[in-house]
Amino acid sequence: MSTLPPCPQCHSEFTYEDGAQLVCPECAHEWSASAADAADTVRVYRDASGNVLQDGDTVTVIKDLKPKGSGGVIKQGTKVKNIRLVDSDHDIDCKIDGFGAMSLKSEFVRKV
């Protein structure tokens, strides 16, 4: 098991050492090992397709979701505008028309 940090560009786990440099075989990015130690770990939120999500993005729900405590179902294809990313088990805080404030997992949405 590798203890090397993931690639800072594509976040690939398959990095390797080449002398004093670290190299990513997937995107060919090279960086120094000392820079990797000093880098702050910032969480990157990704949708079901692997696209990077940011605050204010518009996403689409990719499967029917049954919220707890609600009688309705959020249908596949529902657009959710102006999302807010949070550090929680549900990554996205948003408002959905007809349901109100809601938290979603990023694995159930796709960026528009």
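How many disulfides does a search of the whole structure find? The search finds 0, a disulfide being a pair of cysteine sulfur atoms within 2.5 Å.

The close-ups below show a predicted model, in which local features need pLDDT of at least 70 and side-chain atom pairs count only at pLDDT 80 or more, while totals for chains, interfaces and linings use all residues. Residues are numbered from 1 along each chain as its sequence is written, and side-chain values use heavy atoms, with hydrogens and water left out.

Start with cysteine 7, whose closest cysteine sulfur belongs to cysteine 27. The two sulfurs are 3.6 Å apart, so they are too far from each other for a bond. Cysteine 24 has its closest cysteine sulfur in cysteine 10, and because the separation is 3.5 Å, this pair is also too far apart for a bond. Cysteine 7 is buried, at a relative accessible area of 1%; here buried means under 20% relative accessible area, exposed over 50%, and partly exposed in between (1.4 Å probe, protein chains only). Cysteine 24 is buried as well, with 1% relative accessibility.

**View B. Histidine 29 and its loop.**
Here you can find histidine 29 in the loop between β2 (21-23) and β3 (30-32). Strands (E, at least two residues) and helices (H or I, at least four) are DSSP runs, numbered from the N terminus. Which residues does histidine 29 touch, not counting residues up to four places away in sequence? They are Cys7, Pro8, Gln9, Leu22, Val23 and Cys24, where contact means heavy atoms within 4.5 Å. Histidine 29 and cysteine 7 are 22 residues apart in sequence, and their C-alpha atoms are 7.5 Å apart in space. The loop between β2 and β3 also holds alanine 28, which has a positive phi near 65° in a residue other than glycine. Alanine 28 is exposed, at 58% relative accessibility.

**View C. Glutamate 30 in strand β3.**
Glutamate 30 has its place in strand β3. Setting aside residues up to four places away in sequence, glutamate 30 touches Leu22 and Val23. Methionine 102 is 72 residues from glutamate 30 along the chain, and 40 Å separates their C-alpha atoms.

**View D. Histidine 11 ahead of β1.**
Histidine 11 is found in the segment before β1 (16-18). Its phi is near 65°, a positive value in a residue other than glycine. Is histidine 11 buried or partly exposed? Histidine 11 counts as partly exposed, with 34% relative accessibility. Leaving aside neighbours within four places in sequence, histidine 11 is in contact with Pro6, Val44 and Arg46. From histidine 11 to lysine 79 the C-alpha distance is 28 Å, across 68 residues of sequence.

**View E. Serine 34 in helix α1.**
Serine 34 is found in helix α1 (residues 33-38). At 55% relative accessibility, serine 34 counts as exposed. Serine 34 and aspartate 89 are 55 residues apart in sequence, with 32 Å between their C-alpha atoms.

**View F. The largest nonpolar core.**
This core has 15 residues, and those with the most contacts inside it are Leu53, Val80, Ile83, Ile92, Cys94, Ile96 and Leu104. At least two residues of the core come from each of β4 (59-61), β7 (92-96) and β8 (100-104). The largest share, 3 residues, is supplied by β7. A nonpolar core is a set of buried Ala, Val, Leu, Ile, Met, Phe, Trp, Tyr and Cys residues joined through side-chain atoms within 4.5 Å. Not counting residues up to four places away in sequence, cysteine 94 touches Val80, Ile83, Gly100, Ala101, Met102 and Leu104.

**View G. The second largest pocket.**
About 210 Å³ of space lies in this pocket. A pocket is an open set of points on a 1 Å grid over the protein atoms alone where a 1.4 Å probe fits, with protein on both sides within 12 Å along at least five of seven lines; lining residues have an atom within 4 Å of a point. Grid points are joined across faces, edges and corners, and a volume is the space filled by probe spheres set on the points. The lining residues are Leu65, Lys66, Pro67, Lys68, Ile74, His90, Met102, Ser103, Leu104, Lys105 and Phe108.
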